[in-house]
Amino acid sequence: MKILTILIMTFIMLKTNCQANTNYHLHPLILIPGAGGNQLEARLTSKYKSTSFFCNKWYPIKKDSEGWFRIWFDPTVLLAPFTKCFNQRMMLYYQKELDDYCNAPGVDSRIAHFGSIKSLLYLDPNLPKITAYMEPLVNALQELGYRDGDNLFGAPYDFRYGLAAEGHPSHVGSKFLKDLKGLIESASNSNGGKPVILVSHSLGGLYVHQLLCRNPKSWSQKYIKHFIALSTPWGGTVEQMVTFASGNTLGVPLVNPLLVREEQRSSESNMWLLPSPKVFGNQTPLVITPNVTYSAHDIPKFLEDIGFPQGVLPYTLRIFPLVENFTLPHHMPPITCIVGCGCKTPETLFYGDAEFDKSPEIMYGDGDGTVNMVSLLALEANWDNKNTRQSLKVTKLRGVSHTGILKDEIAVEKIVEEISCVNSENAAHVSLVSKA
């Protein structure tokens, strides 16, 4: 009886103190970034055709021996001539005959350091203070005992690409899911078979959701310990409609949004992030002009009216069925959603003269400054404990923005606390087994 009491007390101590020393029992952890959250490299081939002096093959001067250079992030994008060049080289093209997207002619792209956290720390390693992305979170994880390539891994990807509904090819996005699955299995196998903790930010959460939907229950149960989703736009964002209509500098100074609009419209993942009718409803007005009001149900007409008719077909065939089929597999692992709230977030856009080249007047609502609250909480709204038989925890952090969640001290502490709690469960289990 005394031994049983000691075991119970030990379990309670570990459960209530998630910051307990669990270095020897850490589950491997994989970080999946959001859109624009990792470095991206490009190379110009013989098929590349220069469009201006500033966009010639000589730019940029710094390339490796095989011609590869970092295209994202490059600070020269702040200068107008190079902004145009960046726009042209980052463009994607939808090929109707293939029903898939591809790079601009003569431009190859690749992800550097897949499996490592290197390209997630800073968007430009030469400007670490200005372009830090996951560095604050990684520093905190290292204090827990996580080490890059040992029990801590990164899953960078070409964030311009997305996924499509079943029956439609997505060569680049599908390859990322395959690579991510392989990384999960490798991370688990190299850590004694421990299942993996997945920590995603923004768009990365949508990829993880699709990974879980597209793999069997037996695989998830074996390899996934916990899924921590940060700032995930489960149902898209109203701000994305600004991006398509008028361009969006994402807070980068000196850049004319119209110079990057064409590239942003071409991005498959940006189309994935348009407001979903299933989450925003068919009647809620999102964009208002003197003659037309657009809801999430009216996205095809919206794309047509803003002067982007070539986006209607891929949205209708590939994206709409994907977001409309927002479901949760019965074998979802335990999930923790950590979201910001209390930040002014675009909720309704007013184009008074129906001139989409101009920035709209904006009515704001609640959210994290980028993603609306209804989208951040869409997973909770669709959660069914009876069907999933797994736990869902939602934590709201007031005043924490979409990207601030990776840097804000309180937010980082909360994320690390959740990770510590997951590891403490393992430590408690090991402790009970050893004392038994």
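This is a predicted model: local features need pLDDT of at least 70, side-chain atom pairs count only at pLDDT 80 or more; totals for chains, interfaces and linings use all residues.
Residues are numbered from 1 along each chain as its sequence is written, and side-chain values use heavy atoms, without hydrogens and water.

The axes of helix 6 (residues 171–189) and helix 7 (residues 203–213) cross at roughly 75° and come within 10 Å; the two helices are therefore roughly perpendicular to each other. On the helix 6 side, the contact (heavy atoms within 4.5 Å) is made by Gly-173, Phe-176, Leu-177, Leu-180, Lys-181 and Ile-184, and on the helix 7 side by Tyr-207, Gln-210 and Leu-211. These residues divide into six nonpolar, two polar and one charged.

## The largest pocket

A pocket is an open set of points on a 1 Å grid where a 1.4 Å probe fits, with protein on both sides within 12 Å along at least five of seven lines; lining residues have an atom within 4 Å of a point. The largest pocket has a volume of about 1,400 Å³, taken as the space filled by probe spheres set on the points.

Its lining comprises 48 residues, with Ala-35, Gly-36, Trp-72, Thr-249 and Leu-250 nearest the centre. By class, 22 are nonpolar, 21 polar and five charged.

## The second largest pocket

The second largest pocket has a volume of about 350 Å³. Among its 17 lining residues, Lys-62, Lys-63, Phe-69, Arg-70 and Asn-126 lie nearest its centre. The lining has eight charged, six nonpolar and three polar residues.

Note on methods: Ala, Val, Leu, Ile, Met, Phe, Trp, Tyr, Cys and Pro count as nonpolar, Asp, Glu, Lys and Arg as charged, and the others, Gly among them, as polar. Axes are lines fitted to C-alpha atoms, for helices over the stretch in contact, and angles run from 0 to 180 degrees between N-to-C directions. Helices (H or I, at least four residues) and strands (E, at least two) are DSSP runs, numbered from the N terminus. Angles under 35 degrees count as roughly parallel, over 145 as roughly antiparallel, 65 to 115 as roughly perpendicular and the rest as oblique.
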